[in-house]
Amino acid sequence: MGISITSCKKEHEVTKNNAAESSLAAAEGYSCVYTIKTSQTVVDGSTLNLPAGSVVCIEAGTRGPLWLKNFQGQAGKPITFVNSNGKVTISASSSNGYGLKFSNCKYVKLAGNGSNDQYGIHVKGSHIGVTFESLSTNWEVSNVEISNIGFAGLMGKTDPTCDPATWNGNFTMRDISIHDNYVHDVTGEGFYIGNSFYASGRNLSCGTITPHTVEGLRLFKNKVVNTGCEGIQVGCATKGCEIFDNTIENYGRDPFAAHQNNGLQLGEGTGGKCYNNIIKNGPGNGIICLGYGDNVVYNNLILNAGAYGVYADTRYTPGQAFSFINNTIINSGSDGFMIAAGKIPMNNVINNIIVNPKTGKFINSRNSAKVTDKNNYTTMNVADVKFVNASGGDYRLAAGSPAIDKGADVSSFGVTYDFSSTARPTGNGYDIGAYEGTSSGTSVNPNPGTGGGTTPTPTPTPTPGGTKVTSITLVNADTDKDIMTLSNGAVIDYSKIGTKNINVRANVASGFAGSVQFKLNGAVVNTESYAPITMFGDEGADYKPGTFAAGSHKLAVTDYASANAQGSVGGTTEISFTVTNGATTTPTPGATKVTSVTLVNADTDKDIMTLTNGAVIDYSKIGTKNINVRANVASGFAGSVQFKLDGAVVNTESYAPITMFGDAGSDYKPGTFAEGSRKLSVTDYSDANAQGTVGGTTEISFTVTNGAVTTPTPSTGNTVVSFTLVNSETNRDIATITNGATISLSALKANKINIRANTGAEVKSVAFKMDGKAGRIESEAPFAIGGDNNGNYGSYYLAFGNHTVSATPYTQAGTKGTAGTTLSVNFNLVK
C-alpha cells in the first residue's frame with residue numbers, strides 16, 4: 001500500500017508552518033497549517049488537535065510510505081491533505097504493504113492539486129497504492145497518480161473481523177468521492193472499493209460475518225491503464241452509487257484468479273448508475289454486472305472486449321431489473337451481451353449498438369433469464385452503422401446513420417442525455433447507441449450526482465507524411481540494450497536474440513512534445529508521451545518486457561501533436577515483420593493446430609522436454625515440482641486452446657505462449673501434477689474462449705513420479721529448511737507449507753497470516769520472493785515475509801489463488817556474505 005490511515009497510540013511530530021510556509025500549497029488556494037516532513041512515516045491525528053477544515057501539507061519530494069490515522073473532520077469541513085510546494089512522490093518497495101494508508105479517518109480529503117502538476121501526488125512500488133481502511137469513511141481522493149503496484153491501486157473498505165464495529169449494520173462507509181486520478185501498471189485491480197462478498201460474508205471464528213455497505217459512492221473522471229485484474233471493481237455499494245466518465249484501457253492482462261480480467265465489475269450488492277465510461281482492450285468482459293438489481297448501465301463505449309461486451313448474472317439481487325441502455329459495443333471476443341441473470345424479474349436491453357461480436361451472437365441468454373430486447377441495432381460490419389470515424393475512434397453517428405431516431409424513449413430510466421452530455425432526443429426520437437447523432441444538440445449540465453461526460457476530441461485519421469518518428473528500434477527488455485532497427489520485412493528470431501522479452505522504441509525528432517500511438521495488427525497497444533517512447537512501457541531506461549507471437553505482424557506507429565493521441569497527426573510509420581523461434585517444423589497434416597506439447601520448468605522458464613504418450617515426469621530428476629505445459633501451435637493460429645487433465649478443464653488460453661497454468665509473457669506460472677498416471681487433452685478452437693470450430697484434440701498419457709525420496713535431515717548450516725504458516729493475530733504457528741498444498745483460511749480459522757522461513761543456525765539474513773517478485777529482506781530471526789517486532793508477527797496480504805514463496809539464506813545481515821540454496825514452495829490459498 002502507498003498511504004494508509006489507521007489508529008495508532010504513538011505521537012509523531014508534525015511541524016507547524018510559519019507565515020512563509022502557509023502559501024506553499026497555494027496553487028489551488030490552500031493555506032496550510034501543518035506540514036508532514038518527508039522523514040515522517042506515521043502521523044496520528046488524535047495527538048494534533050486539528051480543528052475541522054484544517055489543511056495539512058505533505059512536504060514535496062520523494063519519501064517512503066506514509067500512514068495517517070485518527071484524523072476527524074466534519075461534514076463540509078474535511079481535513080485536507082495536499083502536496084506542498086511541488087510534487088510528492090511516495091516510493092515504496094513491493095515488501096511495503098501500502099504506500100499511503102488512511103486508518104480510522106472520517107471527513108478527510110487527499111488532493112494532489114497543491115502545485116501546477118496534474119497529479120501532484122504519485123504513489124508507486126508498494127503492494128497496495130492508497131488504502132482507506134479501519135473504519136475510514138466520508139473521504140475524497142483527487143489528482144493522484146498510482147503506478148507499479150503489486151496488488152490494487154486504490155482500495156477502500158474495512159473487511160469484517162470478529163470486532164463488532166466492522167459488521168454490517170454497525171458500520172457504513174458513506175459519501176466517497178474518487179475523481180481525476182490516474183492509475184496504471186498495477187498487478188491487481190485499479191480501483192477496489194467495497195468487499196466482494198456482500199451476501200456470503202466471511203467465515204470467522206465468531207461466525208459468518210457480512211461486510212459493511214457503501215452508500216453515496218461517486219467514482220468519476222479517472223483514467224485506468226494496464227491492470228492485471230479489473231480496471232474498476234465495486235462491491236457492497238447498495239445506495240447512491242454512480243460510476244461515470246472513467247476511461248479503462250488494457251485491463252485484465254494477468255489476473256491472479258480465473259474470471260478476474262474484466263474492465264468494470266459491478267459486484268455483489270452494488271446498485272445505482274454506471275454511465276459514460278470508455279472501456280477498451282482487455283481479455284475479459286467489458287462490463288460484468290452481478291449487482292443489486294436496480295442497476296442502470298448506459299451511454300458506455302465498450303471496445304475490443306476479449307470475452308462478452310456485457311455479462312450479467314445474479315448473486316444477491318433483490319431488485320427488479322438490470323437495464324442496459326444506449327451502449328455502443330464493438331468487436332467483443334464473444335457475444336455482445338450474455339444475460340445469465342435468471343433470478344431477477346427482468347433484464348432490459350434497449351437502444352444498444354452491437355457490432356461484430358466474434359461469435360455472431362449479439363444478445364444471448366441462459367439460466368432462463370428474462371430479456372426485453374428492444375430497438376437495438378446489430379451488424380457484423382462496422383461500416384453499416386455510419387459512425388463519424390470508427391477507425392479513428394469517433395463513434396458519433398454521421399448523417400444518414402440507421403441508428404438515428406430509431407431508439408425507444410428511455411426517459412423513464414433516467415437516460416435523458418448522451419455520452420457527450422447532449423440532451424436526448426435531439427431529433428424526432430431517441431438515437432441508438434452512446435451518442436445522440438453527432439452530439440451537436442443542446443448541451444445539458446446534469447444535476448450533481450447524475451454525472452454527464454465531456455465531448456471527446458475526435459481522434460484524427462492518420463495520413464502519410466510529416467511523421468516525427470525517425471526510426472523504430474527493437475530492444476532487449478532483459479538487458480535494456482538495442483537489438484536492431486525494425487524495418488519492412490524484418491525477421492525477429494527469438495532463438496538468435498536469446499530472449500522473448502522485448503520492447504519497441506519509437507525514436508522521434510528533436511523537440512518533439514506530442515505523443516506516439518502503437519498499434520499491432522490494427523489493435524492499439526499503447527500511447528506514450530514521454531521519452532523513451534516505448535510500445536510496452538518503461539521506467540526510464542528500464543524497459544518493460546512484452547512479446548510477439550510467432551507469425552506475421554503489422555506494426556503501425558503514429559505521432560500526434562498533443563498528449564494522449566490528440567491534436568494533429570504528423571504521420572504513420574507502418575512496418576510488416578515476421579517472428580520466429582529458430583527452425584520451425586511443418587505440423588503433421590490433420591485438423592489440429594497444436595503441433596506439439598512442451599513441459600516447462602516454471603522456476604527457470606526453460607523447456608524440459610516434449611510431452612508424448614508414455615512420457616515419465618520424474619520430479620527428482622528435473623529438480624522441481626514447479627512446472628507448466630505449453631501448447632505449440634501452427635503459424636498464424638488466432639483461436640484458443642483448452643487444457644483438460646483427467647477430464648477436468650484446467651485452463652483456456654487465447655494468447656501466446658499458450659500455457660496450461662498461465663503466464664506473464666515469458667514468465668511461466670507454476671503448477672504441479674500429483675504423482676501417478678495422468679491423461680492430458682489439448683483441444684484447439686477457431687475462436688477465443690473455446691468457441692467456434694474445433695480443430696482437433698491431442699491426447700497424451702503420462703506418468704508422474706518423484707524418484708526415491710529420502711527425508712532430508714534439517715541442516716544446521718546456511719539453509720532454508722521449510723516454511724511455516726503463522727496466524728499473525730495470535731502469533732501461533734498454523735502448519736508447515738508443503739509443495740502443492742492447499743491452504744484454506746476458513747478451515748484454519750485464520751484471518752491474518754504471515755509466512756516464516758525456518759533456517760539453519762548459520763543464517764543471518766533471508767531474502768523473500770512471492771510469485772517471483774522481490775519482497776522483504778529480514779536480518780533478524782524469526783525470518784518472516786510480513787515482518788515482525790520481536791516475534792509479534794505483522795500481517796502479509798495475499799490474494800486467493802496459486803502462489804510460490806521463495807527464500808534465499810545468507811551468512812551475513814542485509815543479504816551479504818555467502819548465499820545458500822533458495823527454497824521455493826508452491827501452494828494454493830483459498831477462502
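A disulfide here is a pair of cysteine sulfur atoms within 2.5 Å. This is a predicted model, where local features need pLDDT of at least 70 and side-chain atom pairs count only at pLDDT 80 or more, while totals for chains, interfaces and linings use all residues. Residues are numbered from 1 along each chain as its sequence is written, and side-chain values use heavy atoms, with hydrogens and water left out.

So, how many disulfides turn up in a search of the whole structure? Two, and counting bonded cysteines along the chain gives the pattern 1-2, 3-4.

| Pair | S to S | Torsion about S-S | Hand |
|---|---|---|---|
| Cys32 and Cys57 | 1.8 Å | 55° | right-handed |
| Cys162 and Cys206 | 2.1 Å | about -100° | left-handed |

Take Cys32 and Cys57. Cys32 sits in the loop between β2 (15-16) and β3 (34-36) and Cys57 in strand β5 (residues 55-63), so the bond ties together parts 25 residues apart in sequence. Strands are DSSP runs of E, at least two residues, numbered from the N terminus.

Cys162 is in the loop between β14 (154-156) and β15 (172-179), and Cys206 in the loop between β18 (202-204) and β19 (207-209), 44 residues apart. Cys162 is partly exposed at 31%, and Cys206 is partly exposed at 36%.

What about Cys241? Cys241 is in no disulfide, and its nearest cysteine sulfur, in Cys274, is 8.1 Å away, too far for a bond. Cys241 is buried at 2% relative accessible area, and Cys274 is buried at 1%.

Terms used: Helices (H or I, at least four residues) and strands (E, at least two) are DSSP runs, numbered from the N terminus. Buried means under 20% relative accessible area, exposed over 50%, partly exposed in between (1.4 Å probe, protein chains only).
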